[in-house]
Amino acid sequence: MRIMALVIRILRQIVRDKRTMALLIFAPILVLTMLHLVFNGDEYTPEIGLIDIPEKLESQLNLEDAKLKHYDTEKLAENDLSDNKLDAYLVFDQMPPSVVLEGSDPSVNGAVMKWVQDALKPIQQNGENQEIKIDYLFGSDDMGQFDYFGPVLLGFFVFFFVFLIAGVSFLRERTTGTLERLLTSPLRKWEIVTGYIMGFGLFTMIQAAIIAWYAIYVLGMLMEGSFGYVLLITLLLSLTALTLGILLSSFANNELQMIQFIPLIVVPQIFFSGLFNLETISGWLSWIGPFTPLFYAAEALRNVMVRGFGWEMIYKDLLMLLAFSLLFMFLNIAALRRYRKI
């Protein structure tokens with residue numbers, strides 16, 4: 001009887017917590033739906049440039065299942081390849097043709113080479129030697145999956161742990177009465193928000209720097225660009241996670257409710273961060289990516305760590321991260337009004 005009484009009390013507690021009930025049902029459905037849409041998406045269609053291909057030869061090749069673009073010079077094709085407008089280009093100035101891959105995504109490289117082999121089958125069957133020379137604009141043939149996915153995972157873990165620590169810590173400030181006492185003081189709301197962000201921010205920045213250093217210099221994650229840029233990206237991402245964590249903690253009454261935001265706010269972002277190719281996801285779902293901070297952080301980290309780019313290629317992503325942080329700060333200031341009791 002005592003056990004049954006305890007069971008009944010727990011069940012009543014869960015049923016009364018509408019947010020927990022909704023999470024138990026809605027969160028798994030959301031994640032499973034996203035996994036279904038990602039893994040059952042369309043096959044990737046590579047974008048290929050063709051240079052100096054004779055019309056007679058072009059008519060013999062199987063050029064289906066790819067987005068093709070013709071170029072007069074290799075320089076023009078290389079510019080588009082560098083700007084991520086192409087996955088590869090083929091040069092037909094002599095036989096066998098040569099292939100230049102963008103190279104930063106091993107899965108895309110595989111799709112391109114599979115297409116090249118299928119495209120050349122008609123002339124291979126005629127007995128011509130089709131040994132192809134392969135060059136890489138970024139990366140190399142020994143680049144692994146971890147080298148490509150590493151920047152995304154680095155950004156995700158920085159975002160996840162900063163979000164969790166900031167949210168739970170700020171929630172504790174509320175539940176212990178510290179925030180209420182501050183709100184009755186002469187401090188303005190923006191001063192309170194700024195103080196909390198600077199205080200929590202110092203720790204989270206140190207945490208982000210250590211995680212980035214360990215991933216690159218201990219685990220050996222691919223690093224083609226400057227570590228200073230990686231550090232700057234992770235710091236801005238930490239600031240975004242910090243301000244978002246503090247904001248959402250305003251709507252949680254305890255640590256359990258704060259953790260409930262993770263499958264709804266944090267986990268879905270990994271689907272739009274570049275870990276999966278957005279071009280293969282349903283069109284009505286892929287538009288969500290630009291509205292998530294991790295989308296910009298992952299792209300900036302990949303541009304630095306894999307492609308070796310500098311400031312001119314990442315500053316837009318950094319500005320978007322800063323914009324997210326400022327937006328969440330203003331929302332934090334507005335959210336504090338619900339706690340001020342005068």
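These questions and answers look at a predicted model of one protein chain.

Me: How many helices and how many strands are in the chain?
Reply: The model is predicted. Its chain has 342 residues. Its secondary structure comes to 14 helices and five strands.

Me: Is Ala-297 buried or exposed?
Reply: Start with its place: Ala-297 sits in helix α13, residues 293-305. Its relative accessibility is 0%. Buried means under 20%. Therefore Ala-297 counts as buried.

Me: Which residues does Ala-297 touch, leaving out those up to four places away in sequence?
Reply: Contact means heavy atoms within 4.5 Å. Residues up to four places away in sequence are not counted. That leaves Ile-233, Leu-237 and Leu-321.

Me: What is the C-alpha to C-alpha spacing of Ala-297 and Val-152?
Reply: In sequence, Ala-297 and Val-152 are 145 residues apart. In space, C-alpha to C-alpha, the spacing is 8.0 Å.

Me: What share of the chain's contacts with a separation of 6 or more joins residues 24 or more positions apart?
Reply: Take the contacts with a separation of 6 or more. Then pick out those between residues 24 or more positions apart. Their share is 72%.

Me: Is Asp-135 buried, partly exposed or exposed?
Reply: Asp-135 is in strand β5, residues 133-136. Its relative accessibility is 32%.

How values were computed:
Residues numbered from 1 in each chain as written. Predicted model: local features only at pLDDT ≥ 70, side-chain atom pairs only at ≥ 80, totals over all residues. Heavy atoms only, no water. Helix = DSSP H or I, 4+ residues; strand = E, 2+ residues; numbered from the N terminus. Buried < 20%, exposed > 50% of the residue type's maximum accessible area, 1.4 Å probe, protein only.
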